[in-house]
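Me: Hi, I'm new to this one. Could you walk me through a few spots in it?

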Amino acid sequence: MDRRCLIRLSGYKDQDMPGENSIRETLTGIYPRYLSGLKLFGHKVLRSSKLLSLSCSALISLPTIACAQDAAIQAMSFGASPKDILYFSMVIGAITATMISAVWLIRERSKVDTENTELRAKLRDMQAIKGRYNSLIVDSGQKVVIWESKDKPTEMLGSLPAELSIPSSEREFLKFERWLDVQSATKLDLSLEKLRHDAESFDIVIETIRGDMLEVQGRVSGVCAFLRFVPLGDVRAKQASLMSERDRLVGALETFQNLLDVIEMPVWMRGSDGKLQWVNEAFAHATEAKSRQDVLDRGLELLGVQARENIKSNSTPERPFYDKLSTVVRGERRFFEVADSKSPSGSAGLAVDITAEEDIRSELENTLQGHVDLINNLSTPVAIFDRQQQLQFYNQAFQKLWDLGTDFLAGNPDNNAFFERLRADSKLPDQPGWKEWKAEMLSIYHSADPQQHLWHLPDGQTVHVLANANPQGGTIWVFENLTEKVDLETRYNRLQQVQGQTIDHLAEGVCVFASDGTLALSNPAFRALWALTEDQVSQGTHIKSIVPECEKSYQGTDGWRHFAEIITSLDDQRVIVEGRLELATGLILDYALVPVTGGLTMLTFVNMSDSVRAERMLTEKNDALIKAESLKNDFVQHVSYELRSPLTNIMGFTDLVRTPEIGVLNERQSEYLDHIATSSSVLLTIVNDILDLATVDAGIMKLDIQNVEITDLVERTQRQVADRMKENLLTLNVDLVNAPDLIRGDFQRLKQILVKLLGNAASASPKGSNVDLVVYADEDRVVFKVTDNGAGIPAEDVERIFARFESKGQNGQRGGAGLGLSIVQSFVGLHHGDVHIDSILGEGTTVICTLPLNCENVVSQTA
């Protein structure tokens with residue numbers, strides 16, 4: 001029966017034939033109504049059965065009621081009592097009510113029978129519709145799985161084509177992982193979970209293990225969840241297969257790209273136009289891009305234009321490009337092995353960083369060349385023959401030993417020809433059995449063990465021959481001339497004698513002990529320092545015999561018994577032990593216990609008596625100088641304080657005499673008073689400077705750290721030195737363009753620094769010249785630069801210019817007290833800055849003071 005016939009049986013006309021979607025909607029609508037109809041029919045049947053039982057009871061009681069009426073009438077006729085009549089009336093009433101109920105029950109039963117007939121008809125219609133749709137589902141090759149609730153079994157309708165080899169039983173069918181591929185089973189399980197719990201419909205395409213394609217539709221209707229499995233037709237199956245293959249390829253591509261993101265090799269893909277379409281993280285890192293997308297947006301390239309053109313011209317689909325290229329990565333030249341494959345849709349490439357390998361290869365080549373150069377420069381003759389016994393390498397000592405021509409050696413003779421040539425030139429020892437001897441020599445090529453021979457050459461030389469297998473194949477021949485070795489041994493013995501004589505003539509006492517405590521050697525100075533005879537310290541004497549003799553001069557615990565413990569100790573960690581001994585004889589000796597090779601210990605004694613005495617004398621003198629310096633500072637401070645009071649009085653009385661109230665002064669008197677005031681001011685300045693220096697030296701000067709405005713500081717300094725500049729007809733040029741706004745420091749001390757610098761510049765500058773003051777910031781520091789156009793300072797005087805009371809007049813002027821630059825250096829040091837002087841004779845001098853913007857930060861960092 002085809003699909004059209006099924007639709008006619010279901011009541012559809014040909015022109016109203018429903019499609020697959022309408023059939024699905026009809027099924028999802030009919031089934032819930034079918035279930036609710038069955039429930040209603042059950043309730044009606046139950047209700048009718050109850051009414052029927054009540055009606056039957058009433059009918060059964062009708063004869064009883066009739067008999068009761070007859071009995072009541074008879075009782076009344078027989079003159080029954082009122083009580084009996086009352087009871088009789090109640091019985092009659094009950095019987096009447098029962099009859100009325102029976103009539104009502106009969107009517108209700110009739111209605112129930114009518115409703116039951118209608119419900120049975122509807123049930124038959126629904127079952128017919130359900131049967132028609134079940135037939136339609138079965139014949140259409142589809143399968144529907146229905147879940148009504150968790151406590152009810154799963155219902156399955158229809159079946160799938162047998163050629164799909166899908167399990168037909170409910171248990172096996174619902175085990176999706178057994179007949180679907182892993183990806184499809186996982187996708188279906190996730191979708192079914194969301195359908196049953198979240199009522200989320202879906203339409204997916206799945207693939208069986210055999211590769212057949214199915215469409216699965218998940219829907220919810222009421223409390224029921226449906227799954228509809230539909231085999232796809234040829235075209236749709238092919239389309240679904242292609243989509244599945246596309247999804248698989250996209251997933252594989254994403255997985256591959258994720259893998260490429262992990263590796264540290266730059267990888268790229270280009271389109272047919274040559275532009276980058278995808279790069280990995282290593283490519284973005286190499287091009288210093290923020291991300292992979294940034295590479296694509298900015299068109300960044302790893303390789304240069306020439307390298308890319310080389311790849312483009314040499315890469316073909318049949319023959320990919322593969323070569324070593326160099327490029328700059330993050331400012332460093334790197335070498336890469338680049339592979340690029342081309343296809344009609346574009347190209348893809350990767351670059352492997354081989355910089356380390358190239359460096360190792362270059363280092364290996366240099367090492368091998370170094371070994372060749374080393375062997376070539378060895379005095380020991382060396383020759384290397386390969387597996388074919390051909391000469392591959394020889395050094396100059398080899399050619400010199402055997403006096404072979406360059407032409408012969410350049411021909412790479414074999415080992416046999418080499419021996420024959422030496423025999424022909426009478427350079428080999430005479431051998432009665434030449435062939436046997438030569439065969440023995442050449443047997444090294446078939447042996448893994450080295451061979452050693454002693455050749456006594458006809459010219460009187462003795463050569464030790466060592467033949468060893470070369471790890472790379474062949475044999476290495478080493479010819480050691482024992483004649484030179486004998487000469488070396490002779491020279492070594494002579495050197496030993498010289499060393500012995502040298503030790504004997506050393507002023508330091510030297511003795512060497514073996515690990516068992518026996519004396520190996522000693523020199524005369526050792527015996528003289530410890531008053532020992534030659535017999536007492538003869539070779540082989542044990543240290544225990546020497547200790548009592550030496551303790552006559554020194555009996556301290558750090559003396560010879562301590563030496564004996566260290567010398568005979570079995571401790572592997574031997575260290576140098578040093579110290580000083582004062583002997584009873586008045587000698588002061590510095591000793592050193594020094595471990596030497598062979599388990600020996602050398603004990604040396606240096607007479608430090610004169611040096612120690614001189615050191616003690618210098619120490620005492622230095623202590624005296626320190627004390628004198630302290631007395632000097634105390635004296636200067638005391639005198640300065642004592643001078644300040646009378647100077648203040650002089651300056652006060654001078655100002656008082658100038659007042660009109662005292663009287664009018666003539667010109668000479670005013671001049672004298674000006675000289676007194678000027679001299680007093682200068683002297684007070686000197687006294688204040690001395691006090692400041694004394695305070696700094698005593699370490700009690702405290703800075704009043706505050707925010708100092710550079711502009712205010714310079715303006716106040718200008719006002720203070722204005723008279724000095726005007727007196728010398730000087731122009732002060734101030735440059736604050738690049739100066740900072742604030743500096744953390746002591747305002748008064750900073751102003752004092754500038755006043756001293758400008759005062760020195762004014763003293764050094766010729767009249768009518770300029771003095772420059774430049775202030776500028778240098779990172780976290782501020783620089784004050786004062787420049788004059790004076791005669792300059794000689795280079796030999798720059799070193800001592802900061803010394804106290806160092807003064808030198810210039811331009812015909814008398815020098816000052818020589819404290820200005822010393823105070824500048826002290827105050828700058830208190831601010832953790834430094835002072836620098838640049839001076840050129842005949843051009844002028846520049847004093848540069850560099851101070852931190854915040855000296856408190858410098859103090860905290862230092863702490």
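**Charged pairs and other spots**

Reply: Happy to! Arg-561 counts as exposed because its relative accessibility is 53% (buried is under 20% relative accessible area, exposed over 50%, partly exposed in between, with a 1.4 Å probe and protein chains only). Keep in mind that this is a predicted model: local features need pLDDT of at least 70, side-chain atom pairs count only at pLDDT 80 or more, and totals for chains, interfaces and linings use all residues. Residues are numbered from 1 along each chain as its sequence is written, and side-chain values use heavy atoms, with hydrogens and water left out.

Me: Which residue forms a salt bridge with Arg-561?

Reply: Glu-551 does, and the closest N and O atoms are 2.7 Å apart. A salt bridge here is a side-chain nitrogen of Lys or Arg within 4 Å of a carboxyl oxygen of Asp or Glu. The pair links distant parts of the chain, ten residues apart: Arg-561 is in helix α19 (residues 560–567), Glu-551 in the loop between α18 (543–550) and α19. Helices are DSSP runs of H or I with at least four residues, strands are runs of E with at least two, and both are numbered from the N terminus.

Me: And is Glu-551 buried or exposed?

Reply: Glu-551 is buried, with a relative accessible area of 16%.

Me: How many salt bridges does a search of the whole structure find?

Reply: The search finds 20. One of them joins Glu-420 and Lys-438, with the closest N and O atoms 2.7 Å apart. Glu-420 sits in helix α14 (residues 415–424) and Lys-438 in helix α15 (residues 434–442), so this pair ties together parts that are 18 residues apart in sequence. Lys-438 is buried at 13%, while Glu-420 is partly exposed at 30%.

Me: New topic: what caps the N-terminal end of α16?

Reply: That's Asn-481, with a side-chain oxygen 3.0 Å from the backbone nitrogen of Thr-483. Helix α16 itself (residues 482–504) has 23 residues and reaches 33 Å from its first C-alpha to its last, close to the 33 Å expected at 1.5 Å a residue. The expected span is 1.5 Å times one less than the number of residues.

Me: Last one: where is Ser-769 found, and which residues does it touch?

Reply: Ser-769 is in the loop between α23 (747–764) and β24 (770–778). Leaving out residues up to four places away in sequence, Ser-769 touches Leu-729, Leu-730, Thr-731 and Asn-789, where contact means heavy atoms within 4.5 Å. Ser-769 counts as buried because its relative accessibility is 11%.

Notes. A polar contact is a pair of N or O atoms within 3.5 Å; within protein, one must be able to donate a hydrogen and the other to accept it, and residues adjacent in sequence count only if both atoms are side-chain atoms.
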